[in-house]
Amino acid sequence: MIKGNELNHHHEKHYIKQYLLFNRLSSWLMNAIYSLYNNKIKTYIFVVTTGRSGSSSLNKIFDNVDDVASFHEPYPIMLNPIKFNCKKNIYFKKLFKSKKRIYIKKECKDKEIYFESNHMFIKNFSDEIVTEFGNKVKVIYLVREPILVAKSFLAINSIPGKTETGITYLLTPEHEDNLINLSGVTLPENEIECDFCLCLWYWFEIQARALAFHQKNPQIQFVTIRTEDLNDRIKISLLFGKLGLNIDSTILDKVVGIKENSKVSEKNKFEKNSISESKMYELYDSIKKKLELVNGSDRIIEYKDIDAL
């Protein structure tokens, strides 16, 4: 076990190593080198999703396909710091340029396809990906029913703008780049019901970002699939076909329908964070109407209205 001064020395060495590895000159050089030797790459696929929607399972499918470098939330994940020392967009532009793009290119060596399932993509580095890789980018929009997403986040106590994981992995309602305004919306006084509504707001915010990305980048192929269809061999075959890829039937038999990343232990820790099913639907109807009043009904996208495979 590392203690006291030894721990400080360990951290100091780590940060010196990181600085030497990723200062401006070395990061430029590494990016140039990796750009040269990954000329076999044809496609970069990223997933737009809220999280808690089966992205780990989708990664498992791609991980079994030849010529694909497949990753679920690889380093650097591009998480939100608890506090930003500069503007959010500047922070992530720097992090992408100095680290993220280098790690992506490094993993692409001798591969034709790079796949990354990472729900930080639509929040923190989608513009940078399009700028860096252009028309080689393709996007899968993986969408799950909002009440199930909110229920899952509530179960692991990941609440947008409130808990540590909610701030780090999700979004904060006060961020200036949000598309769905929550200010002026009255939330329930009951803490658990309020947390559930924050998770629902997050779902609507991600859907708005997905639509905005698609409209901003019409040249990027954008394929939508519902979480429940990850268990459907026909829909998975159709997804691969839309992306211009092939998947063997033996792989489908091996990986389709396998649950990943269920976080059972974390859910058990927060069993008290539960709401009756009828109350969940009541809260959903209420928050949807309030968000429509503040933002306009055309900006609040319902699950049933999303066009998927």
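Predicted model: local features only at pLDDT ≥ 70, side-chain atom pairs only at ≥ 80, totals over all residues.
Two packed helices are described by the angle between their axes and the distance between the axes. In this model, the axes of helix 6 (residues 146-155) and helix 8 (residues 191-216) come within 9 Å, and they cross at roughly 125°. Angles of 65 to 115 degrees count as roughly perpendicular and those over 145 as roughly antiparallel; helix 6 and helix 8 are therefore oblique to each other. The crossing in which helix 6 passes helix 8 is right-handed. On the side of helix 6, the contact is made by Pro146, Ile147, Val149, Ala150, Lys151, Phe153 and Leu154, which meet Ile192, Asp195, Phe196, Cys199, Leu200, Tyr202 and Trp203 of helix 8. Of the residues in this contact, 12 are nonpolar and two are charged, while none is polar.

Isoleucine 129 belongs to helix 5 (residues 121-133). Its relative accessibility is 0%, so isoleucine 129 counts as buried. Leaving aside residues up to four places away in sequence, isoleucine 129 touches Phe46, Phe96, Ile104, Phe121, Gly134 and Val137.

Threonine 49, by comparison, is placed in the loop between strand 1 (43-48) and helix 3 (55-63). Threonine 49 also counts as buried, because its relative accessibility is 0%. A polar atom of the threonine 49 side chain lies 3.5 Å from the backbone nitrogen of glycine 51. A polar atom of that side chain also lies 3.1 Å from the backbone oxygen of leucine 142. When residues up to four places away in sequence are not counted, threonine 49 touches Ser55, His119, Ile122, Leu142 and Ile206.

The backbone was examined next. Most residues other than glycine have a negative phi, and most peptide bonds are trans. Tyrosine 75 and proline 76, however, are joined by a cis peptide bond with an omega of about -15°. Proline 76 lies in the loop between strand 2 (68-72) and helix 4 (88-107). Aspartate 110 is not a glycine, yet it has a positive phi of about 65°. This aspartate is found in the loop between helix 4 and strand 3 (113-117), and at 53% relative accessibility it counts as exposed. Asparagine 157, likewise not a glycine, has a positive phi of about 60°. The loop that holds asparagine 157 runs between helix 6 and helix 7 (164-169).

How values were computed: Residues numbered from 1 in each chain as written. Heavy atoms only, no water. Axes fitted to C-alpha atoms, helices over the stretch in contact; angles between N-to-C directions. Helix = DSSP H or I, 4+ residues; strand = E, 2+ residues; numbered from the N terminus. Parallel < 35°, antiparallel > 145°, perpendicular 65-115°, else oblique. Left-handed = near helix turned anticlockwise from the far one by under 90°. Contact = heavy atoms within 4.5 Å. Nonpolar A, V, L, I, M, F, W, Y, C, P; charged D, E, K, R; others polar. Buried < 20%, exposed > 50% of the residue type's maximum accessible area, 1.4 Å probe, protein only. Polar contact = N/O pair within 3.5 Å; in protein donor to acceptor, adjacent residues only side chain to side chain.
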